[in-house]
Amino acid sequence: MAGDGASLTDQPAARYTGRRISTGSEVLRHAADGSTSPLPWRLDLRNHSPTGLEWGYGGSGPGQLALAILADAIGPREAQKYYYDFKCSMIAGIQQDSWEITREQILAWVGQQQGLER
């Protein structure tokens, strides 16, 4: 996974946060060096929700968020294999207006999925 073009920057994200704001939602990637930037939506991979990233239900906005997080954390190729299940098991269940998911949690979840494939 590492070295698979996982991150669009040189610094892998340590965690991802989301919060509801007056104009919709804001999702940030927090790099291990302390820098913060908006999470790219990755519409280039799949265009599920050009209007924004969402969570808390099983629709297109959560699908785009799942894809964006996984593309950043594990790379676009692997992200496309797992994002639907990630949406269903992790993103759709977030009921808070703000949340945090660590890269460690994401890698553990992906590891479980890979174990199920064997």
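Visitor: Where is the place of R42?
Guide: This is a predicted model: local features need pLDDT of at least 70, side-chain atom pairs count only at pLDDT 80 or more, and totals for chains, interfaces and linings use all residues. Residues are numbered from 1 along each chain as its sequence is written, and side-chain values use heavy atoms, with hydrogens and water left out. Helices (H or I, at least four residues) and strands (E, at least two) are DSSP runs, numbered from the N terminus. R42 sits in the loop between β3 and α1.

Visitor: Buried or exposed: which is R42?
Guide: Phi of R42 is near 60°, a positive value in a residue other than glycine. Buried means under 20% relative accessible area, exposed over 50%, partly exposed in between (1.4 Å probe, protein chains only). R42 has 12% relative accessibility, so R42 counts as buried.

Visitor: What order do the four strands of the open sheet have?
Guide: Strands of a sheet pair through backbone hydrogen bonds, either parallel or antiparallel. Two strands pair if DSSP finds at least two bridges between them. In this sheet the pairing is antiparallel, and the order is β3-β2-β1-β4.

Visitor: Which strands stand at the edges?
Guide: An edge strand here has a single partner, so one side of it is left without a neighbour in the sheet. The two edge strands are β3 (36-38) and β4 (98-102).

Visitor: By what angle are neighbouring strands of this sheet turned against each other on average?
Guide: Axes are lines fitted to C-alpha atoms, for helices over the stretch in contact, and angles run from 0 to 180 degrees between N-to-C directions. For the average over this sheet, direction is ignored, and the turn is 25°.

Visitor: How many bridges pair β1 and β2?
Guide: β1 and β2 form a hairpin with two residues between them. I21 stands opposite G24 in β2. The pairing of β1 and β2 is antiparallel, and the number of bridges is eight.

Visitor: In β3, which residue is the bridge partner of R29?
Guide: β2 and β3 also form a hairpin, with four residues between them, and G34 in the turn has a positive phi of about 95°. Three bridges join these antiparallel strands. The partner of R29 is S37.

Visitor: With which side chain does the side chain of H30 make a polar contact?
Guide: H30 lies in strand β2 (residues 24-31) and is buried at 12% relative accessibility. Contact means heavy atoms within 4.5 Å; leaving out residues up to four places away in sequence, H30 touches A13, A14, R15, Y16, T17, S35 and T36. A polar contact is a pair of N or O atoms within 3.5 Å; within protein, one must be able to donate a hydrogen and the other to accept it, and residues adjacent in sequence count only if both atoms are side-chain atoms. At 2.7 Å, the polar partner of H30 is T17.

Visitor: How many of the 15 residues of α1 are buried?
Guide: Helix α1 (residues 60-74) lies across β1 (13-21), β2 and β4, running at about 160° to β1. Just after α1, G75 takes a positive phi of about 105°. The helix is largely enclosed by the rest of the structure, because the number of buried residues is 14.

Visitor: How are the rings of W55 and W99 arranged?
Guide: Rings of Phe, Tyr and Trp (its six-membered ring) pair if their centres lie within 6.5 Å; planes under 30 degrees apart count as stacked, over 60 as edge-to-face and the rest as tilted. The whole structure holds three aromatic pairs. The ring centres of W55 and W99 are 5.5 Å apart and the planes stand at 80°, so this pair is edge-to-face.

Visitor: How many residues apart in sequence are the parts that this pair ties together?
Guide: W55 is buried, with a relative accessible area of 1%. W99 is buried too, at 8%. W55 lies in the loop between β3 and α1 and W99 in strand β4, so the separation in sequence is 44 residues.

Visitor: Which residues form one aromatic cluster?
Guide: F86 and W109 pair edge-to-face, 5.1 Å centre to centre with 70° between the planes. F86 is buried at 0% and W109 at 7%. The cluster consists of Y82, F86 and W109.
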